[in-house]
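Please look through the model below before reading my comments. They are numbered so that each can be checked on its own.

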Amino acid sequence: MFLVSNTAMVIEAMKAGIAGCIPALNYRSLDELRIAIKELKAAKREGGSFGFNLIVNKSNLKYKEQLRVICEEGCDFIITSLGSPEETINKAHKVGIKVFCDVVDLKFAKKVENLGADAVIAVNNKAGGHRGNKTPEQLTRELSTNCKIPIISAGGVGCRTDIDKMLSFGAEGVSVGSPFIASLEANVTDEYKQACVEYGEKDIIMTERISGTPCTVINTPYVQKIGTKQTWLESVLNKNKKLKKWVKLIRFSIGMNATKNAATKATYKTVWVAGPSIEHTNKILSTKEIIKRLVN
């Protein structure tokens, strides 16, 4: 949901009784992040809850300052991904913020549970963006059987039937992203939104060209042209222990910039991130209408 989620979307989500979340990287500066938090806190007086996604590894150079601002201003929860959540859990808990951690298997679920996570986001192989390898049923049942904290299933939810299915596997909630790309509130181009309407599950493929970590995108003609594998140079450099982290940092920066351009500019050079759940997206709707469709 990089550059997709925003305060307007989350406020509508809170009004509808669900928890909304925004990637902290959607804000270029810490001042912009503070303003967003204040706006959401003001809207929360009518009910609901909100949080922020934090990439907690070294590729996110803004991580520590973003965490500081979020803890100073306050929110209901933080979702961590792509790194150890230990620091986030310790600092967030001191100010009463819950921490939910993205995991793709039982090993990492137990690790974050032992670190004090309040819930795990079970990222399955139907998720958009950086996804896991296990099916929704395999991962959710495995984690719900072996973990004491709540399991929130992420991936493959595009309609009410999908929600019921995830709950039957043992999840206590679901995390939904891709269906909201084609919302009126999303600050992305109409072309990006329309792509989510016109393409479907069969058009979602994996690419290494965004962040260096496999990521789901819509298989547009441009994606087909540039390919989905890392370059030969990146492949060679990634095998060098001393250079590996710098290669990943550079690839992450380039990928985020490409994703930003794709979301905000209409050109033939587009890499649109989305998950298989766009299969159920048939028109551009308001956030309120999308939630109503999902619930009903």
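The points below go from the whole chain to the sheet, then to single helices and residues.

1. Basis. This is a predicted model, in which local features need pLDDT of at least 70 and side-chain atom pairs count only at pLDDT 80 or more, while totals for chains, interfaces and linings use all residues. Residues are numbered from 1 along each chain as its sequence is written, and side-chain values use heavy atoms, with hydrogens and water left out.

2. The chain overall. The protein chain holds 12 helices and nine strands; helices (H or I, at least four residues) and strands (E, at least two) are DSSP runs, numbered from the N terminus. Of its 296 residues, 49% are buried, where buried means under 20% relative accessible area, exposed over 50% and partly exposed in between (1.4 Å probe, protein chains only). The chain exposes about 14,600 Å², and 53% of this comes from carbon and sulfur atoms; the areas are from the Shrake-Rupley method with a 1.4 Å probe, and for residues only the protein chains shown count as cover.

3. The sheet. Seven strands form an open sheet in the order β1-β2-β3-β4-β5-β6-β7, with parallel pairing; two strands pair if DSSP finds at least two bridges between them. At the edges are β1 (20–23) and β7 (173–175), each of which pairs on one side only. On average, neighbouring strands of this sheet are turned by 30 degrees against each other, direction ignored. Axes here are lines fitted to C-alpha atoms (for helices, over the stretch in contact), and angles run from 0 to 180 degrees between N-to-C directions.

4. β2 (residues 50–55) and β3 (residues 77–81) pair in the parallel sense over five bridges, and G51 stands opposite F77 in β3. Helix α1 (residues 7–15) packs on the sheet and touches β1 and β2, its direction making about 165 degrees with that of β1. Contact means heavy atoms within 4.5 Å. Helix α3 (residues 63–73) lies across β2 and β3 and runs at about 165 degrees to β2.

5. Helix α4. Which residues of α4 (residues 86–94) are buried? They are T88, I89 and A92. Down the axis of α4, the buried residues fall within an arc of 95 degrees, so they line one face of the helix; the arc is that of the directions from the helix axis to the C-beta atoms. Their cover includes β2, α3, β3, β4 (98–103) and α5 (106–115). After α4 comes G96, with a positive phi near 80 degrees.

6. Helix α7. In α7 (residues 160–168), D162, I163 and M166 are buried. These residues line one face of the helix, because they fall within an arc of 100 degrees seen down its axis. Among the elements covering them are α6 (136–146), β6 (151–154), β7 and α12 (287–295). Just after α7, G170 has a positive phi of about 115 degrees.

7. Two loop residues. T189, in the loop between β7 and α8 (190–198), counts as buried because its relative accessible area is 11%. The side chain of T189 reaches the backbone nitrogen of Y192 at 3.1 Å. A274 lies in the loop between α11 (244–264) and α12 and is buried, with a relative accessible area of 2%. The C-alpha atoms of A274 and I218 are separated by 6.3 Å, although the two residues are 56 residues apart along the chain. Residues that A274 touches include G128, S178, C196 and T216.

Note on methods
A polar contact is a pair of N or O atoms within 3.5 Å; within protein, one must be able to donate a hydrogen and the other to accept it, and residues adjacent in sequence count only if both atoms are side-chain atoms. Lists of a residue's contacts leave out its neighbours within four places in sequence.
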